[in-house]
Amino acid sequence: MRTYDIILKKRGGQPLSDEEIGWFVEGYTNGSIPDYQASALLMAIWFRGMDEHETALLTDRMAHSGDMVDLSAIPGVKVDKHSTGGVGDKTTLIVGPIVAACGVPVAKMSGRGLGHTGGTIDKLESIPGLCTSVSRERFFEIVRETGLAVIGQTGNIAPADKKLYALRDVTATVDNLSLIASSIMSKKLAAGSDAILLDVKTGSGAFMKTLDDSIALAKAMVSIGERNGRRTAALITDMDIPLGHAIGNSLEVIEAVETLRGRGPADLTEVCLQLASNMLFLAGKGEIAACRAAAEAALAGGEAFQKLCAMAAAQGGDISVLESTEKFAKSPAVHAVQAPRGGRITRMQTEQIGEVSVVLGAGRENKDDLIDPRAGLILYKKTGDAVAPGETLAVLHTARPEALPRAERLLLGAVEIADAPPAPHRLIYARVTRDGVELL
């Protein structure tokens with residue numbers, strides 16, 4: 001078998017065989033296939049595409065290129081959740097405890113943030129002492145003890161994806177549906193859960209900017225999961241507006257705690273209940289309505305908050321900051337951004353608002369950048385809200401006072417204020433399963 005022939009075949013628009021896909025993934029991972037040939041194949045895939053079977057096979061081979069986590073030592077149906085990323089998206093900190101409180105174990109490996117998208121691991125590590133790097137054995141032990149653990153990706157998870165993504169990033173082949181879907185799902189398959197719920201964001205702060213593109217990605221990922229023996233579903237959720245009010249690591253943990261105590265923003269609470277309900281459904285806990293009722297009860301009764309505390313304590317965290325969030329460290333510089341005129345907020349450029357948090361020190365521009373867990377912003381007004389001239393739009397938190405003028409300019413440039421109210425928007429657009437797309 002020759003890489004040249006595989007490139008030629010895909011360039012001609014023909015589907016690749018199982019053997020050809022497996023041979024390519026193994027060869028590129030072990031270094032016997034050079035970057036220039038892999039780049040040529042990626043470009044051929046970008047132009048010609050892959051069918052559902054090819055995409056599922058590519059994902060499976062990428063997942064099996066490294067360690068495959070076996071969660072069978074943990075009793076019950078294990079359900080994972082993956083978000084395609086957004087601004088203010090702290091849902092794992094809320095959904096994981098809700099689902100665990102309803103008796104479904106959550107053994108989750110998460111990543112760090114890059115660019116305007118915050119990472120769950122960075123948020124958790126803003127809790128003093130909390131360790132996200134634990135052994136596989138301790139990971140399992142924590143899940144068995146508390147029902148919930150969230151750690152950083154450990155071991156040799158999907159090395160083929162790491163190599164291929166780095167190559168795609170410099171060859172303009174990132175934005176291909178099959179390649180995006182296989183990259184995300186290879187890590188989910190390797191992580192070992194029995195079922196997977198996907199939170200696919202859509203809008204100005206999301207990777208997929210349009211509803212049609214978001215649904216297409218969701219369908220591709222659901223197909224991959226189902227073809228690889230995992231019960232899989234996706235929700236299409238809004239990211240035209242930041243989720244909740246807090247953006248930044250410890251600020252988002254505080255908002256997650258408030259939500260678990262029943263005092264969170266309405267939009268964040270609703271999205272989390274929808275996600276939790278669908279995770280419970282995938283775990284076989286009943287129909288969606290019954291799962292929703294169970295999730296609401298776990299939130300209202302305080303059991304979900306106790307699950308977050310139990311997990312944090314088991315991972316070495318100081319839970320006193322969760323019990324009294326005013327104990328979190330504060331940024332030395334705090335600055336209120338005021339509305340330049342009155343009216344209603346008609347639009348927010350959410351990705352640009354995420355960039356504000358990076359300027360303040362809450363995110364990374366490069367993967368090795370250090371972040372300030374205290375930094376970020378609190379939005380006091382969002383799309384649809386009325387504002388008066390000089391009223392506070394947001395409060396910026398930073399240890400970089402010299403960054404405040406730039407951050408304020410970016411924020412004001414991302415917020416549009418007009419006289420007429422905006423058209424109403426939805427939090428949840430659709431649910432995608434193996435049976436099709438249900439518009440909500």
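Predicted model: local features only at pLDDT ≥ 70, side-chain atom pairs only at ≥ 80, totals over all residues.
Reader: What makes E8 and E10 a pair, and in which sense do they run?
Author: E8 and E10 share 2 bridges in the antiparallel sense. Two strands pair if DSSP finds at least two bridges between them, so E8 and E10 qualify. Residues are numbered from 1 along each chain as its sequence is written, and side-chain values use heavy atoms, with hydrogens and water left out.

Reader: Why are E1 and E14 said to stand at the edges?
Author: They belong to an open sheet of 5 strands with mixed pairing, in the order E1-E4-E5-E13-E14. E1 (79–83) and E14 (436–439) each have a single partner strand, so one side of each has no neighbour in the sheet. The average twist is 20 degrees from one strand to the next.

Reader: How many bridges join E4 to E5?
Author: 8 bridges join E4 (195–202) to E5 (231–238), and the two strands run parallel. Leucine 198 stands opposite alanine 234 in E5. Helix H10 (211–227) packs on the sheet and touches E4, E5, E13 (428–433) and E14. Its direction makes about 165 degrees with that of E5.

Reader: Why is alanine 430 called buried?
Author: Its relative accessibility is 0%. Buried means under 20% relative accessible area, exposed over 50%, and partly exposed in between (1.4 Å probe, protein chains only). Alanine 430 therefore counts as buried. Alanine 430 lies in strand E13. Leaving aside neighbours within four places in sequence, its contacts (heavy atoms within 4.5 Å) include Ile215, Ala234, Ile236 and Val437.

Reader: Why is H16 described as largely enclosed?
Author: Of its 11 residues, 8 are buried, so the rest of the structure largely encloses helix H16 (350–360). Among the buried ones are Ile353, Val356 and Leu360. They pack against E6 (246–247), E8 (343–348), E9 (376–379), E11 (392–398) and helix H17 (404–414). After H16 comes glycine 361, with a positive phi near 110 degrees.

Reader: How many bridges join E9 to E11?
Author: 4 bridges join them, and the strands run antiparallel. One partner pair is leucine 377 and leucine 396. Leucine 377 also stands opposite isoleucine 247.

Reader: Which residues have the most contacts inside the largest nonpolar core?
Author: Ile98, Leu322, Leu377, Leu396 and Leu411, in a core of 78 residues. A nonpolar core is a set of buried Ala, Val, Leu, Ile, Met, Phe, Trp, Tyr and Cys residues joined through side-chain atoms within 4.5 Å. Helix H12 (266–282) gives the largest share, 10 residues. A second, separate core has 37 residues, including Phe139 and Ala430.

Reader: Why is the pair of phenylalanine 24 and tyrosine 28 called stacked?
Author: The ring centres are 6.3 Å apart and the planes are at 5 degrees. Rings of Phe, Tyr and Trp (its six-membered ring) pair if their centres lie within 6.5 Å, and planes under 30 degrees apart count as stacked, over 60 as edge-to-face and the rest as tilted. The pair is therefore stacked. Both residues are buried. They are 4 residues apart in helix H2 (18–30), which means a separation of about one helical turn.

Reader: Why is the pair of phenylalanine 139 and phenylalanine 140 called tilted?
Author: Here the centres are 5.9 Å apart and the planes are at 40 degrees, so the pair is tilted. Phenylalanine 139 is buried at 1% relative accessibility, and phenylalanine 140 is buried at 10%.

Notes
Axes fitted to C-alpha atoms, helices over the stretch in contact; angles between N-to-C directions.
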